[in-house]
Amino acid sequence: MNEQTQNPDELLSAEEAAARLKAARRTLLKWAREGKISSVRLSAKMIRFTEEQVAEFISRMTHEIRPEKTVRRSVVTRAPSRQLASKPDRKKQPAKSWKELRAEMDSWDQTRK
């Protein structure tokens, strides 16, 4: 690969520009077709890039990373409530079968009438 150029007007090949962007040549040419990066088209198959175009692309694609704002919440610890401690442990009742549930619901309907 050639040395990096000092002249901003000098044209870079797709390989050189891709190396500066640390991207694949194919990706750079795709970006040029999509208009994401400006290019100089010398012929149907010859595309070149200037230093200025590469620098402009980098500045456009650069986003400032900001630290997230953190919300500090105070942690309050409480002693266990006496009411909770004094309640007896309630065991779950065994599940009723569908037949038993249906019979119970039917009995509700009969009491309403």
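Helices (H or I, at least four residues) and strands (E, at least two) are DSSP runs, numbered from the N terminus. This is a predicted model: local features need pLDDT of at least 70, side-chain atom pairs count only at pLDDT 80 or more, and totals for chains, interfaces and linings use all residues. Residues are numbered from 1 along each chain as its sequence is written, and side-chain values use heavy atoms, with hydrogens and water left out.

Q: What is the mean pLDDT of the chain?
A: pLDDT is the predictor's confidence in each residue, from 0 to 100. In this chain, 73% of the residues reach 70 or more. The mean is 80.

Q: How many contacts beyond near neighbours in sequence does the stretch with pLDDT below 50 have?
A: The stretch with pLDDT below 50 covers residues 1–5. Contact means heavy atoms within 4.5 Å. Beyond near neighbours in sequence, the number of contacts in the model is nine.

Q: Is Lys 22 buried or exposed?
A: Buried means under 20% relative accessible area, exposed over 50%, and partly exposed in between (1.4 Å probe, protein chains only). Lys 22 has 75% relative accessibility, so the residue counts as exposed.

Q: Which residues of helix α1 are buried?
A: The helix spans residues 14–21. Its cover includes β1 (11–12), α2 (25–34), β3 (47–50) and α3 (51–61). The buried residues are Ala 14, Glu 16, Ala 17, Ala 18 and Leu 21.

Q: Which residues does Ala 14 contact, leaving aside neighbours within four places in sequence?
A: Ala 14 is one of the buried residues of α1. Its partners are Arg 25, Leu 28, Leu 29, Ile 47, Arg 48 and Phe 49.

Q: What is the strand order of the open sheet?
A: Two strands pair if DSSP finds at least two bridges between them. β1 joins β3 antiparallel through two bridges, with Leu 11 opposite Thr 50 and Leu 12 opposite Phe 49. β2 (residues 40–41) also pairs antiparallel with β3 over two bridges. The order is β1-β3-β2.

Q: Which strands stand at the edges of the sheet?
A: An edge strand here has a single partner strand, so one side is left without a neighbour in the sheet. The edge strands are β1 and β2.

Q: Which residue in β3 is the bridge partner of Arg 41?
A: β2 and β3 form a hairpin with five residues between them. In β3, the partner of Arg 41 is Ile 47.

Q: At what angle does α3 run to β3?
A: α3 lies across β1, β2 and β3. Its buried residues are Glu 51, Gln 53, Val 54 and Phe 57. Axes are lines fitted to C-alpha atoms, for helices over the stretch in contact, and angles run from 0 to 180 degrees between N-to-C directions. The angle is about 70 degrees.
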